[in-house]
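Have a look at the structure first, then follow the solutions.

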Amino acid sequence: MPELLLELFSEEIPARFQRKAADDLKKAVINALVEAGLVYEGARAFSTPRRLALTVAGIPARSPDLREEKKGPRVGAPQQAIDGFLKSAGLSSIDQAKIVSDPKKGDSYVAHIERKGDEAPKLLADILPRIIQNFPWAKSMQWGHGGLTWVRPIRAITATFGTDNDEPIVIPFSANTITSGQTTYGHRFLAPGPIKVRRFDDYVTSLEKARVVLDLDRRKEIIRADADNLAFAQGLSVIHDEGLLEEVAGLVEWPVVMMGSFDKDFLKVPEEVIIATIRANQKCFCLRDSTGRLTNKFLLTANNIATDQGVTIVAGNERVIRARLSDAKFFYETDLKQPLKDNVEKLEESVFHAKLGTQFQRVERIVRLAAETAPLVGADVEDAKEAAMLAKADLPTGMVGEFPELQGIMGRYYALAQGEKREVANAVADHYKPLGPSDKVPGEPVAIAVALADKLDLLTGFWAIDEKPTGSRDPFALRRAALGVIRIVTDNDLALPLTPLFQAAYMVRKAQGSKSEVETADETAEDLSQTDLLAFFHDRLKVTLRDAGARHDLVDAVITPRSDDILEITRRVEALSALLDSADGKNLLAGYRRAANILAAEEKKDGRTYDAVSDQTKFVLPEETALASAIKHVDAEAAAKARANDYRGAIAALATLRAPVDAFFEKVLVNDPDALVRANRLHLLAALRNTMQIVADFSKVAG
């Protein structure tokens with residue numbers, strides 16, 4: 001079957017746009033093909049700095065004939081409705097429609113529409129320019145006089161359609177002033193001449209000969225492999241950076257990796273500064289020696305095969321890096337001369353949020369919250385307060401101003417250089433963590449206290465002023481903050497109820513009273529915002545537990561609206577999962593369901609609720625007595641273990657109910673003809689239900 005080859009050749013496309021643009025092009029074309037009735041076999045999209053390319057295989061030569069029935073308005077409907085129906089159905093008169101009768105709905109119009117199929121090239125000639133015209137670039141520009149906006153000026157369009165055996169035809173259309181054809185161009189420097197292409201296979205081969213690697217992922221692998229090999233030959237290893245690799249692969253069409261160096265004197269600057277400087281300014285990879293120390297070597301990726309073995313290219317990069325590292329060294333040495341504590345007052349000049357005050361006011365709140373949190377996590381209160389006070393003190397520094405991603409990291413270096421305790425300095429660096437799912441969480445008590453204070457102030461503050469995440473929009477990274485709290489608590493095994501911490505954060509803001517609008521917002525929202533914030537944490541925790549493999553029904557069974565101990569919830573889910581994976585658990589769940597179903601039916605029929613208070617003197621069979629005794633014992637044991645946060649113990653206690661529950665349902669008829677005996681047995685089942693609810697809401701457990 002025929003194949004479509006489409007290439008949009010342009011000036012350099014920013015690297016950060018390329019992968020998404022290729023995906024967007026593929027999605028737009030295949031969706032339009034399906035809508036036109038052209039079902040395809042497969043599609044692949046590609047990108048380089050100067051082109052977006054797409055191949056779609058297995059497209060039929062023409063779309064099929066279609067016959068469909070379109071229902072219209074009822075007979076006698078307003079003329080406006082009838083006109084709309086005629087337009088949508090492609091009819092010129094209502095007489096062209098048929099009238100069908102329905103006993104309930106009456107008479108209505110129906111149009112039988114026949115659409116003849118069309119040649120695929122003709123359909124593509126209509127589809128492709130519309131896709132180009134409406135392409136969703138994040139940023140675009142207009143050039144020429146055709147009115148088209150595109151990320152960069154388009155220079156050529158290749159659009160061919162045909163089979164392996166035939167000479168393909170060109171899909172005829174124009175975009176701006178560019179007319180489609182079958183001519184592309186090779187590497188800008190190494191093979192800039194025109195190339196006539198027919199279909200995808202010879203297109204890829206021709207580009208390779210013209211020094212263009214079409215596939216972005218293949219360019220990444222070439223860079224990765226060449227970088228590793230070049231480093232290994234020097235006894236070094238590459239500091240891999242997936243984001244940088246993606247960007248560099250988007251800057252070149254024919255990657256050539258080379259090694260350069262810089263003055264060893266710059267290694268006196270913190271390695272994070274060197275890496276950030278070289279990464280941001282020259283898009284180069286840094287290297288470590290066999291001991292793990294940063295070296296004065298770097299790897300660059302050129303888009304050219306140099307005639308002088310790369311001497312000029314390397315020298316140019318070394319010259320720029322030398323200048324950039326000189327600036328970084330100056331910033332670092334200048335920052336060291338200024339005591340970190342002196343920067344705290346400068347935070348008054350920086351507004352954190354119009355309704356939440358300045359960065360200085362935020363630091364004041366974090367200091368007080370860290371003092372509240374420190375005893376709960378085993379941290380020294382004074383160390384926690386000191387670390388909290390310095391947590392944002394590196395924000396006004398020259399280095400963080402140049403590289404915001406180094407906030408906290410530079411604060412740690414400055415704090416250590418100025419004699420702060422290592423625990424305090426580490427907390428300054430780690431209080432931002434975790435920054436993502438793969439980032440480590442703070443593990444030292446002081447860092448934990450400050451990190452929790454920072455995130456809880458952020459969350460409770462924005463909840464108080466009703467600035468919550470909506471849909472995919474989360475400008476203040478509140479979801480990340482909540483997930484950070486969850487990971488800090490669970491990874492460090494902290495029994496730390498959230499509600500008292502929310503209340504403490506509210507009281508800190510209220511005591512600060514920095515702005516009347518803050519006070520008003522807090523006082524108005526106090527009751528509802530804390531409940532709503534807890535529900536937000538529940539949602540984040542559910543996602544976390546499900547991602548870790550927990551069953552969604554077990555998570556729902558464990559979490560109640562008042563559950564505020566993250567570690568407790570996590571342990572309950574683990575314990576419940578272990579129980580229900582066992583034979584005892586499965587049988588006990590079956591017994592619970594049977595008891596709950598009987599109770600629900602009888603309570604509805606009787607118009608009352610059975611209160612779980614049974615009369616042992618009215619037991620008739622030994623199985624009743626045995627179950628009542630077991631429930632009484634398990635209820636006390638499970639409750640005691642739950643209070644002690646021993647949920648595996650509580651679950652183990654519940655598991656012992658399996659045998660008496662099985663025996664009860666095997667020997668005992670609940671709906672006994674004697675009303676008193678029947679009621680007593682229903683009370684017993686209510687006691688079973690209540691005891692099992694100590695650990696989880698078993699009514700939400702599926703399967």
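**Before you start.** The model is predicted, so local features need pLDDT of at least 70 and side-chain atom pairs count only at pLDDT 80 or more, while totals for chains, interfaces and linings use all residues. Residues are numbered from 1 along each chain as its sequence is written, and side-chain values use heavy atoms, without hydrogens and water.

**Exercise 1.** Describe the aromatic pair of Tyr-592 and Phe-698.

*Solution.* 
1. Geometry: the ring centres of Tyr-592 and Phe-698 are 5.6 Å apart and the planes make 50°, a tilted pair (centres within 6.5 Å; under 30 degrees is stacked, over 60 edge-to-face, the rest tilted).
2. Place: Tyr-592 belongs to helix α20 (residues 583–606) and Phe-698 to the segment after α24 (675–692), so the pair ties together parts 106 residues apart in sequence (helices are DSSP runs of H or I, at least four residues).
3. Burial: Tyr-592 is buried, at a relative accessible area of 4%, and Phe-698 is buried too, at 1% (buried means under 20% relative accessible area, with a 1.4 Å probe and protein chains only).

**Exercise 2.** Find what surrounds Phe-17.

*Solution.* 
1. Charge: Arg-16 lies over the face of Phe-17, 4.6 Å from the ring centre (CZ of Arg within 6 Å of the centre and within 35 degrees of the ring normal).
2. For comparison, Arg-362 lies over the face of Phe-352, at 4.8 Å from the ring centre.

Terms used: Rings of Phe, Tyr and Trp (its six-membered ring) pair if their centres lie within 6.5 Å; planes under 30 degrees apart count as stacked, over 60 as edge-to-face and the rest as tilted. Helices (H or I, at least four residues) and strands (E, at least two) are DSSP runs, numbered from the N terminus. Buried means under 20% relative accessible area, exposed over 50%, partly exposed in between (1.4 Å probe, protein chains only).
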